[in-house]
Amino acid sequence: MKKVIYSVLIACLTAVCLIGCKDDENMDPVGQWTLSDPVIISPEDGYSMVMNELDPNERIYFEWKAAVSSANFQVRYTVVIDTLGSADYSTPLVSVTADNTGKSTTANIKVADIDLALSYAGYPAGSQANLEWAVIATCQNEQTWASNPINLTRFETEYVPAQL
């Protein structure tokens, strides 16, 4: 009797495994889907700004249209400011996660933070920096981006740390 029960149990488990192991259409393997590029809304191509050191908390606002995963996976965004003509944005001068922990299609950066980064990068005080900003869309192991040139003029006074 035990052999019959074990045989029936094994047959049932085998049937459950075979039925449960069919292809799932919602689980596309990596590489079987696409990610579109985000589309920049603002700042527009060639945006210029003289950053005002009297208002260091002023912000530059960035906005774009969402990138879309063909498999409906979640996309997260990072905004970077880098040297003009950067190839892959792997070492940007400034990098911030988009609003709502990267899920939003907006971000903002304080001009004081940008000025400090430009100072560290060797741009002289009061000089215009011809840069590029990009929004990088990341979805699993895929990345796409859109970029625009941006011209920013640094604060007139050089940043001096309070202590070394």
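Me: Asp-115: buried or exposed?
Reply: Buried. This is a predicted model, and in it Asp-115 has a relative accessible area of 3%. That falls under the 20% cut-off, so Asp-115 counts as buried.

Me: Which residue does the Asp-115 side chain meet in a salt bridge?
Reply: Arg-154. The two side chains come to 2.8 Å, N to O.

Me: Where do the two partners sit?
Reply: Asp-115 is in helix 2, and Arg-154 is in the segment after strand 8 (142-153). They are 39 residues apart in sequence, so the pair ties those parts together.

Me: And Arg-154, buried or exposed?
Reply: Buried as well. Its relative accessibility is 1%.

Me: How many salt bridges does the structure hold?
Reply: Two. Besides the pair with Asp-115, Arg-154 meets the side chain of Glu-158 at 3.1 Å, N to O.

Me: What about Glu-158, how accessible is that?
Reply: Partly exposed, at 35% relative accessibility.

Me: Staying by helix 2, where does Ala-121 lie?
Reply: In the loop between helix 2 (111-120) and strand 7 (128-139). Ala-121 is partly exposed, with 37% relative accessibility.

Me: How far is Ala-121 from Leu-93?
Reply: In space, 7.2 Å, C-alpha to C-alpha. In sequence, the two are 28 residues apart.

Me: Switching to rings. How many aromatic pairs are there?
Reply: Four, from a search of the whole structure. One of them is Phe-62 with Trp-133.

Me: What is the geometry of Phe-62 and Trp-133?
Reply: The ring centres are 4.7 Å apart and the planes sit at 55 degrees, so the pair is tilted.

Me: Why tilted and not edge-to-face?
Reply: Edge-to-face needs planes over 60 degrees apart, and stacked needs under 30, so 55 degrees is tilted.

Me: Which strands does that pair link?
Reply: Strand 3 (residues 59-65) holds Phe-62, and strand 7 holds Trp-133. These are distant parts of the chain, 71 residues apart.

Me: Backbone now. Which peptide bond is cis?
Reply: The one from Ser-42 to Pro-43. Its omega is near -5 degrees.

Me: Where is Pro-43 found?
Reply: In the loop between strand 1 (39-42) and strand 2 (47-50).

Me: What is the phi of Tyr-89?
Reply: About 60 degrees. That is positive, although Tyr-89 is not a glycine.

Me: Where is Tyr-89, and is it buried or exposed?
Reply: Tyr-89 is in the loop between strand 4 (76-83) and strand 5 (94-97). Tyr-89 is buried, with a relative accessible area of 5%.

Me: And what phi does Thr-101 have?
Reply: Near 50 degrees, again a positive value in a residue other than glycine.

Me: Where does Thr-101 sit?
Reply: In the loop between strand 5 and strand 6 (106-110).

Me: Is Thr-101 buried or exposed?
Reply: Exposed. Thr-101 has a relative accessible area of 55%, whereas Tyr-89 is buried at 5%.

Methods:
Residues are numbered from 1 along each chain as its sequence is written. This is a predicted model: local features need pLDDT of at least 70, side-chain atom pairs count only at pLDDT 80 or more; totals for chains, interfaces and linings use all residues. Side-chain values use heavy atoms; hydrogens and water are left out. Helices (H or I, at least four residues) and strands (E, at least two) are DSSP runs, numbered from the N terminus. Buried means under 20% relative accessible area, exposed over 50%, partly exposed in between (1.4 Å probe, protein chains only). A salt bridge is a side-chain nitrogen of Lys or Arg within 4 Å of a carboxyl oxygen of Asp or Glu. Rings of Phe, Tyr and Trp (its six-membered ring) pair if their centres lie within 6.5 Å; planes under 30 degrees apart count as stacked, over 60 as edge-to-face and the rest as tilted.
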